[in-house]
Amino acid sequence: MLFHPMEVLSFVGGSLLSATFDSLLEKLNGYLGDQLQDSKEEVCAQMENWKTLLPKITTILQHAEENQVANLFVKSCLDDLKDLAYDMEDILEEFVIDARRSKLNAELDAKANMRQKITSTIMNLFRYEAKPSQEIDSVVNHLNVRLQHIEKEMHTFGLINLIMKAEDKSHRVTVERLLESPLLEDKVWGRDSDKDVILQRLLEDGGSLEQDFVIPIVGMGGLGKTTLARLIYNDEKLEGRFDLKAWVCVADVFDVPKITRTILEHVTGEEQCNSDFGLLQEKLKGKLSGHKFLFVLDDVWNEKYGLWDVLKRPFMSGALGSKIIVTTRNKEVGMMMRGDDGVYNLELLQDNACLPLFTQHALGKGNFDAHPYLQDVGEKLVKKCKRLPLALKTLGGILRGKLCHNEWENILNSEIWNPSEDRSGILPTLRSSYNHLPPHLKRCFAYCALFPKDYEFDKKELVLLWMAKGLLQQQSHEKKQMEEEIGYQYFDQLFLRSLFQQSSGDESRFVMHDLINDLAVDVAGKIYCNLERIMGDEKLEKARHLSFTPHKYEISERFRVFDKLKHLRTFLPLCGRNTWFYLPKRFLLDFLPTSNRLRVLSLCSYQISKLPDSFENLKHIRYIDLSNTLIECLSESVGSLFFLQTLLLHGCYQLTKLPTTIGNLIDLHHLDITFTPSLKEMPSGIGNLKNLVTLSKFIVGKASGMMRLSELKNLSQLRGRLSMLDLHNVLDVQDAREANLDKIHGLEELVLEWTTSKNHRDELVLEMQVLSWLKPHSNLKNLKISCYGGKNFPPWVCDPLLFFNLSSMELNNCKKCTLLPSLGLLPVLKKLIIKGMEAIEAVGYEFYGRQDCFPSLEELLFENMLNWKEWTSLAGSEGEFPRLRSLLIQNCPSLGDLTSLTYLSIEKILELTCLPMNMSLPSLKELFIRDCNEVLLKSMVDLTSLTNLRIHHIIKLTCLPKSFTQSLTALETLGIRNCYNLTSLWEEGTEIEQSLLPFNLKHLKLEKCRALESLPDAMMTRMDGSSSRSTSMLMSRLERVVVINYQLFSRNLQLLMVASGWNHFQRGCCNIVWNSNPLLFNTVKY
C-alpha cells in the first residue's frame, strides 16, 4: 500500500529548510490581499494550496535527513524538492516586492499632488515598475507542474517507505555507544593532568549532595571524555574510597526508569525485574543510604531539569563525598546538573601526546623506534588529525599492520575524511552531535559549510548571515525578540554543544575543528559550496550559496564557475579587512545582471569605486558588504532594495554621501558607516528606519533635506555604539528634547560631539540646553563628550542613580568648562580620560563629590590641561582612588601636585618638584618619567615593589639620587635615555655593601647619555680576588646590557668586561658575548 507523501508526515515534527516560508506567508497575508485579487482565480487557488504544502514539504525533508537516507534516488528526489522550495520562496517574495512598490508609488503620487512644483521627471526617478502579473502567473504555473512531477515520483518509487527503512540505520551509532564499558584501555596518552584535577575533586568530601557531587566533563565528540572517565573510574587512588560504584551509558534517550534500574543492578549485583518505577527508586534510596558512591553517567544529552531532578532523588540519601561523573558534548547539560563553575571543559590533546597515541594504535608502540622510515610521513598524518583523539586512534587503526612507506603515503595523499567518502567511522560518531540539534540549529550549523577549514569567523557577522538566509525565526510561544538576539542565542547554543570553539589567537573570533567542518559539509549537501572544494566537473546547478578565499588579483577564468550558478543566493568572499583585492574589470557587469536572486553580496576589500546600474536588480538582497572599498556614493536605486537588512560600509574612506532614498529601506537593521571620514552629512529619512539596530554615526545636518536630531526618536531599537556628530548644527533645543535618547535602551557606547567652537553667549547657552536633553539610558557603559562649549555639565553627567553601569568616560576638548563634574560619585567607573580642558585651573572637592569617591576607578589620564595648577586632596581621606592602577599625566605644564598608584607615567610636568605628602608608592611596579624636573626623583621613596624604571629626557639629571636608589630592591629593568648631563648612574659614595644598589637588576639600557663617563666604581672591580661578594651578586644577575653612544667611557666598559669575565669586546659593533653566567652583552655604536 502506498502512502500519500503529505499525509504520512502528520506525526513528524520540525523542518529542515529555511523557516522563512512562514514569515513570507505572513507578509503575503499582510501586503498582498489586493494584489492576489487582481491575479487569476487559479493562481489564487494555487497560492492557497502552497500554504498547506510548504510545511509538509519541509517536514518530509526533515525526516529524511534525520534518518540519514543514503539511497541515491531518494537523495536526488529530495534535492529536487529543496530546489523547488527555493524557487517557491522566490516567487512569494515577488508578490511582496510588487506590493511594496505599488505602495511606494502611491505615496510618491500623493507627494506629487501636494507639491506641484516637483516635476514629474524628478518623481519618475524614484518610481518603481512592478513585474507584470502575467509573468508571475506563468512562474506559479511552472512551479506547480514541477511539484506535481515530484509528488508523482514519490508515489511511484515508494519514497516514504525508503525513508522509513533508513530509520534503523540512524540508530547504529547509539547502539555502539551502549556497548561502552568502564574497562580501561591498555594505554591512555595525554590525559594525566586532566585526570589529576578531577581526582582531586573526587577525593574532596566537602560540599553538598544537592549540586557539588556532580562533575560534568564537557567537550566535542571524539575528544576522549569517556576514555578520561574510564581512566578516573579505574584509578587505584579510588580503591576503598567509595562503597558503591556504577557505570551507565545513557546515550540518546534519558530514560529515568532504565537508568535507575541499571544503577540498582550494579549496586545489588542482581537483575531487577520490577517494573514499578516508584519501588525501584525506593529500593535504590535504601541501598545508597549512608553509603559513599561513585557513578558515571556517560554520553548524556538531556537538557530537561525535570528529568534530572527525578533521577537524582535517591542519590540524596548517600553519604557526603559521593560523586557522579557526567560526560556530555553539551555544556548546557553540565550547567543544568552542576552549575557553570563546576563544569570541566576537556580540551584537545597537547601536541606531545598526539604522536604516541597514533603510533600506539598504528604500530603497537608509543614511538617509531622500530620503524624510523615511517616517522616523517607519520608526523604529517598526525598533523591532519588536528589533536583530536578519535581521529588519531581511527587513523592508527586503519594503518595497523601496514608497514610499507607507500601505503602510508597513499593514506596521507588520499581524502580519507572526505565527507562523501567517509569510511573511517569518524563522521558517523560526530554526526550524533548534529542529530541531537533541534531543527533551527541544524539549519544554522549547515550554513557553516561555507567556511573553509581553520577559518576564523566573527559571531556578529555569522548571525547577520543567518538572518539574511532567513534562519532566525521567532517562536510563537516565546516573548517577542529581535532577530539578532535569537541569532546570538543560536550561536551560544552551538558553542555550548562544542560545535564552535574559541580561536586560540583571537578570543573575539571562533573556529570549527576540521572534522566538525567536514560534518557541516556533509549535512549541507550541494546547496552550500566553497569554491576551493570544487572538484573537476562537479555539478553545481543546484548550488545556492557560494564562498571562496579571494586572491590578490582575481582572473576571469576562476569565476567561470558562475556561468553554471543561475540561482545563486550567496556570494561571499572570506577575507580579512586589512588586505585589498582586485576583481576583473567586467566581472560585476557580467555577474550582477544574471544574479538577481542574491540574498548575500560581499565585495569587502575589493578595490571598486562604483557599482554597475544592474545593482538595482538585486531585489531579493538582504546583506550587502562594501567595507574597505573605494565607493564614493551609492545609487539612488538602492532605495528599491526593499528586503535589505544589512548594509556594511565600514572603512569606505572615499564615501561622501548616502542615497536620499535610504529611508525606503524599512527592513534595514544594520547600517555600519564607521571609519568613513569623508561622509560629512546624512539625508533625512533615516528616522523612518524603525528596525535599525546598528547606526554607527548620526550626523546632524543644517541644510534642508539633511538629517535632524529629532529623527532619533523613532530609532528606539538601536544597539551597541552610536556617535552623534555635528551637534553644533542643532538650532532648536526642541530637536534635542524630541530625540528621546533616554528611550534607547540598547546603547552601550555613546559619543556626543560638537565640532565648531562657539563664542556667542546665546550659542553657548543653547549647547548647554541641548546636552541637558541628551541624557542617555542607564544601560550605557561608555560615554565620550567632545568639543562641548558649555561652562559646566548638566547634573546627569555625574548622576550615580543613572550611571550604575558606566565603566568608561572621556571628556575631550571642552575648552570653556571651568569645573569638572563630580565624577567621583559614579560607582563602577573604571576608566576616566580628561583632555584639553583648558579652562580648568584647579581640581578639588567638586571633582570627588564625596569622601569615598571613585570606588572602582583603575585608569586615570589627564592630558593637555595647560592651565591646571592645583590638585587638592580630600582632607582626612584615606585615599581618593582605592583601586587606581594607572595614572598618566601628559602635557600639564603648570601642575604642581599628583597622586600614587601601581603604574605611573609622568610626562611634561616641569613645575612638579615633589609628590603630595599623603601619597606613598609601595605598590608601584612601573615608573616612566619624561620631560620633568630632576628634583622630583628625590621625593620618590618607598619604591620597594618597582621592577621597571624608565627615565627619558630629564636634562639636568646628573645621577640618580641616593634617597631614590636605596629602595630599588626589586628593580629588574632600568632604562635611561636622552639625559644629556648624566655623568654617573648614582651618587658617589653609594656602596653595594650597604645594599643601596638594585641587586635584582637584569636589564640595563643606556641611550644617548653623552656625558656619561663611567659606571659605578664598585662595578669596576678587577678579577684579582678583590671583588666583593655583593659585586658578584650584582653581576651574576645581569642578563642584558645595551649601551648606545658609549665612546666617552668605553675604556671603563672594557674594564667592566674584564672584571666580570666576559669573553671579548669589539668596539663599534653589535656583539653577543657569553660567559658562565651566561651574560648577553650588546653594544651598538650610535
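**Briefing: helix packing, strand pairing and aromatic pairs**

Helix 15 (residues 351-363) and helix 17 (residues 389-398) have axes that come within 7 Å and cross at roughly 35 degrees. This is a predicted model: local features need pLDDT of at least 70, side-chain atom pairs count only at pLDDT 80 or more, and totals for chains, interfaces and linings use all residues. Residues are numbered from 1 along each chain as its sequence is written, and side-chain values use heavy atoms, with hydrogens and water left out.

**Whole chain**

- The secondary structure comes to 30 helices and 33 strands. Helices (H or I, at least four residues) and strands (E, at least two) are DSSP runs, numbered from the N terminus.
- Of the 1086 residues, 53% count as buried. Buried means under 20% relative accessible area, exposed over 50%, and partly exposed in between (1.4 Å probe, protein chains only).
- Among contacts between residues at least 6 apart in sequence, 67% join residues at least 24 apart. Contact means heavy atoms within 4.5 Å.

**Helix 15 against helix 17**

- The crossing of helix 15 with helix 17 is right-handed. Right-handed means the near helix is turned clockwise from the far one by less than a right angle; anticlockwise is left-handed.
- Axes are lines fitted to C-alpha atoms, for helices over the stretch in contact, and angles run from 0 to 180 degrees between N-to-C directions.
- Helix 15 contributes Cys354, Leu357, Phe358, His361 and Ala362. They meet Pro389, Leu392, Lys393, Leu395, Gly396 and Gly397 of helix 17.
- By class, this contact has 7 nonpolar, 3 polar and 1 charged residues. Ala, Val, Leu, Ile, Met, Phe, Trp, Tyr, Cys and Pro count as nonpolar, Asp, Glu, Lys and Arg as charged, and the others, Gly among them, as polar.

- An open sheet of 3 strands runs in the order 6-8-7, with antiparallel pairing. Two strands pair if DSSP finds at least two bridges between them.
- Strand 6 (457-458) and strand 7 (501-502) are the edges, each pairing on one side only.
- Strand 6 is joined to strand 8 (residues 509-511) by 2 bridges. Aspartate 458 stands opposite arginine 509 there.
- Strand 21 (residues 808-812) has 5 of its 5 residues buried. Ser808, Glu810 and Asn812 lie on one side, Met809 and Leu811 on the other.
- Strand 20 (residues 782-786) runs parallel to strand 21, joined by 5 bridges. Lysine 784 stands opposite glutamate 810.
- Strand 22 (residues 831-835) also pairs with strand 21 in the parallel sense, over 5 bridges. Asparagine 812 stands opposite lysine 835.

**Aromatic pairs**

- The count comes to 33 aromatic pairs. Rings of Phe, Tyr and Trp (its six-membered ring) pair if their centres lie within 6.5 Å; planes under 30 degrees apart count as stacked, over 60 as edge-to-face and the rest as tilted.
- Tyrosine 233 and tryptophan 247 pair edge-to-face, at 5.6 Å centre to centre and 80 degrees between the planes. Tyrosine 233 sits in helix 10 (residues 225-233) and tryptophan 247 in strand 2 (residues 244-251), 14 residues apart. Both are buried.
- Tyrosine 447 and tyrosine 528 are also edge-to-face, at 5.6 Å and 75 degrees. Tyrosine 447 lies in helix 20 (residues 439-447) and tyrosine 528 in strand 9 (residues 528-530), so the pair ties together parts 81 residues apart in sequence.
- Tyrosine 447 is buried at 0% relative accessible area; tyrosine 528 counts as buried at 11%.
- Ring pairs link Phe451, Tyr455, Phe457, Trp466, Phe491, Phe495, Phe500 and Phe510 into a cluster.
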